[in-house]
Amino acid sequence: MEGELGEEEDAMSSLSLGQLALLDEVCLEVLEAVLAPDARTAEWLVRKALQRDGRELGNKGRMMVARRCLGVTSLKGRLEYMVNTALVTAHKRQEEAVAARKAVVVGTGKINSDLSSVTSSISGSNSSNSGTSGSREPLPPLPPALPPLPLSLRGQARLLLCLYILHYEHAPSRADDLKRGLMGGNPALFSLLLSLPPPAPSFATATTLSSMLSSSSSSSSSSTTTTSSSFSRSSLTVDGNTTSSPPQPSLPPSPSALATFDWPDEETQPAFALAARGSLPLWLSRQWGGQYGWQEAAALAAEANRPGPVTLRWNQMKGGGEEGKGDMCKSTEAQLENSSSSSTSSITVPTLPPSFPLLARLAQEGVQGAEPCRWSPVGVRLSRGRPPHGLWGLAAWREGWFEVQDEGSQLVALATGVGRQGGKGGEHVLDICAGNGGKSLAMGSLMWGGREGGREGKREGRLWVYDTHQSRLKHLEAGARRAGMGGLVRVLESEEALDALLSPETKKGAREEGKEEGRCDVVLVDAPCSSSGVLRRRPSLRWTLKPEDALVTLPAIQRALLTQAQAHVKVGGRLVYATCSLLKEENEEVVAWFLEQYGEGGKEGGKEGRFRALPWQGEEEAPLRAAAQAWRDRNGGEGKREELAPGTLQLLPHVHGTDGFYMARFERYR
């Protein structure tokens, strides 16, 4: 995960020497645990470490620990490939050099079968040999000492962390500090670090390192090593256009010239090349490459190795009445006043975004960099990241003005269509896999805050939430109270309570005959999945996820949940299926199975189908159609996939800037 330029240097300058030493030690401790067999996730290890040392580190120190540890975890596959390949190559070269020196010694009559003795004796006689004239063959140079193989876990942690700091935090000037500190005074390890080429250097990083290495070696400055990487955003297709960044300068090798190696060939070994460069397990590299094409998969993997943005969702139950209107009027009056000074004949007032009340409230509290999201009408992105003192200390948070929620997750709630088609008594909505309740509260905001009467008039409708892990619903209840929905969200505490939502006819046995009819206008199945679309937020997941779970076990669970959920949808109601997965086995294939069983013309237990796809329609769903069009526009050339089916949407981090989500919507017509 690439750091923001200058952000780390600013944080470093504000930490004391004691905090810097503690920062290094905490990072090494966490990464050493991450590299151990059967390790806990990096997220869990970071959380535990900060619970212990967070007070001493301070806010900026805590942020740096999290950024570095999660960044190294995300890029672990790529960094480990570089280090391991370089070490093997370097040791092989050292053996060849020692053998060559031994051959010279044998030719001069100085035979010694012990290579270490040969090495030490030759090293001690280099000065006399170099000054002797005659026809004696000069001895080949001996490479410097290397760290032994295999590296210890602490040695691996030191090397990976320093490599990340040099190249991803844009801090090559810290090389001397790293040598004295994180490298623990190990010259062999430090020499190997300097000889490793940048994984994906920025121009400034490459230039600074180049000058630093050139100054230490004039003999090797003529030979350069070029590292090409599809992850440096050179010649990548972005938004349908092929763009080329300026050529990256080549780095001369360090004096030891240890780490020259080749990446796997992208033509003959595309899956292995993507796994190494993109820091992915090999099975996931194969899945993405086969599903999206290798070029798209490379861009997707690059985005999965960058931290996701901080995105907020405005709770429309707050700031939608006179308070929000007052803020909006003040802003409009200021715009008119500024415009009147320059021109009175033609005044253009910018259209305010739907999320303006939250933007105004954040501005009042001094939050900088808040801007409307691209797709979600109620989304706000913090382009400068979290404020210095965090989000939870804001009065707007305590008063329930916003939730921290990715823009893609917000679009799932929009896809349900709640808040727009409620009949008498309001809508009846069921979230059957509610979890912590992010999408549940988003639907509640649309139901009771999205319409004028919902804010000030009688709040009608029901929002039922259920999850097999009841402990997760405790967080949902607390969030609902803070958001002003405490008495409106109904928690179903057992499967019996869930079944009670079915119609009386169904409870009498009609369910077994395939004639189930629920009472819900909307049912959301936010199914448990591989979470392969949120790797940029959960980087260690890629190393713990098992292919049999993602490709076999989870799709079976998802099919079972859809079967259970469809019984709760009334005629004319909507069923929405969603995952945060990027795998077709959990998305398109599950939807295809559902339509075979319950779709138009489909059969289930000998009964006719009763669900059909429901396309995105109306002005309110324009963001969903636009997002689908963005993928359609990009979906050409290498890796071309089939057209998105009506009523479905695939969100991709490298296309939409959101986390990866898939959603499909169906209507019950009989």
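# Reading a predicted chain, from confidence to strand pairing

Colleague: Over residues 201-259, where does the pLDDT stay, and how many contacts beyond four places in sequence does the model have for them?

Modeller: In this predicted model, the pLDDT stays under 50 over residues 201-259, and the model has 106 contacts beyond four places in sequence for that stretch. For the protein chain, the mean pLDDT is 76, with 68% of the residues reaching 70 or more. Residues 110-134 also have a pLDDT below 50, and this stretch has 23 contacts in the model beyond near neighbours in sequence.

Colleague: How many helices and strands are there in the protein chain, and what percentage of its residues is buried?

Modeller: The protein chain holds 26 helices and 16 strands, and buried residues make up 51% of its 670 residues. Of the contacts with a separation of 6 or more, 75% are between residues 24 or more positions apart.

Colleague: Let us turn to helix packing. At what angle do the axes of helix H10 and helix H11 cross, and which residues make the contact?

Modeller: The axes of H10 (residues 270-278) and H11 (residues 282-292) come within 8 Å and cross at roughly 115°, and the crossing is right-handed. On the H10 side the contact is made by Ala271, Phe272, Leu274 and Ala275, and on the H11 side by Leu282, Ser285 and Arg286. By class, these contact residues divide into five nonpolar, one polar and one charged.

Colleague: Is H11 mostly covered or mostly uncovered, and against which elements do its buried residues pack?

Modeller: H11 is mostly covered, since eight of its 11 residues are buried, namely Trp283, Leu284, Ser285, Gln287, Trp288, Gly289, Gln291 and Tyr292. These buried residues pack against H10, helix H12 (294-304), helix H23 (547-566), helix H25 (622-634) and strand E15 (648-651). Just after H11, glycine 293 takes a positive phi of about 90°.

Colleague: How should I read a sheet, and in what order do the strands of the open sheet of four stand?

Modeller: The general idea is that strands of a sheet pair through backbone hydrogen bonds, either parallel or antiparallel. Here the open sheet of four strands has the order E4-E5-E3-E6, and its pairing is antiparallel. Strands E4 (370-372) and E6 (402-404) stand at the edges with a single partner strand each, so one side of each is left without a neighbour in the sheet. From one strand to the next, the twist averages 35°.

Colleague: How many bridges join E3 to E6, and which helix packs on the sheet, touching E3, E4, E5 and E6?

Modeller: Strand E3 (residues 310-314) is joined to E6 by three bridges, and the two run antiparallel, with leucine 312 opposite valine 404 in E6. Helix H14 (residues 356-364) packs on the sheet, where it touches E3, E4, strand E5 (379-382) and E6, and its direction makes about 120° with that of E3. Helix H17 (residues 438-449), in turn, lies across E3 and E6 and runs at about 40° to E3.

Colleague: Why is strand E11 described as largely enclosed, and in which sense does E10 pair with E11?

Modeller: Strand E11 (residues 569-579) has eight of its 11 residues buried, so the rest of the structure largely encloses this strand. With strand E10 (residues 520-526), E11 pairs in the parallel sense over six bridges, and leucine 524 stands opposite valine 576 in E11. Six bridges also join E11 to strand E16 (residues 661-668), in this case antiparallel, and the bridge partner of leucine 575 in E16 is phenylalanine 666.

Colleague: Over how many bridges does strand E7 pair with strand E8, and how many join E7 to E10?

Modeller: Strands E7 (residues 428-431) and E8 (residues 462-465) pair in the parallel sense over four bridges, among them one where leucine 430 has tryptophan 464 of E8 as its partner. E7 is joined to E10 by three bridges, and these strands run parallel, with valine 522 in E10 as the bridge partner of valine 429.

How values were computed: Residues numbered from 1 in each chain as written. Predicted model: local features only at pLDDT ≥ 70, side-chain atom pairs only at ≥ 80, totals over all residues. Heavy atoms only, no water. Axes fitted to C-alpha atoms, helices over the stretch in contact; angles between N-to-C directions. Left-handed = near helix turned anticlockwise from the far one by under 90°. Contact = heavy atoms within 4.5 Å. Nonpolar A, V, L, I, M, F, W, Y, C, P; charged D, E, K, R; others polar. Pairing = 2+ DSSP bridges. Buried < 20%, exposed > 50% of the residue type's maximum accessible area, 1.4 Å probe, protein only. pLDDT = per-residue confidence, 0-100.
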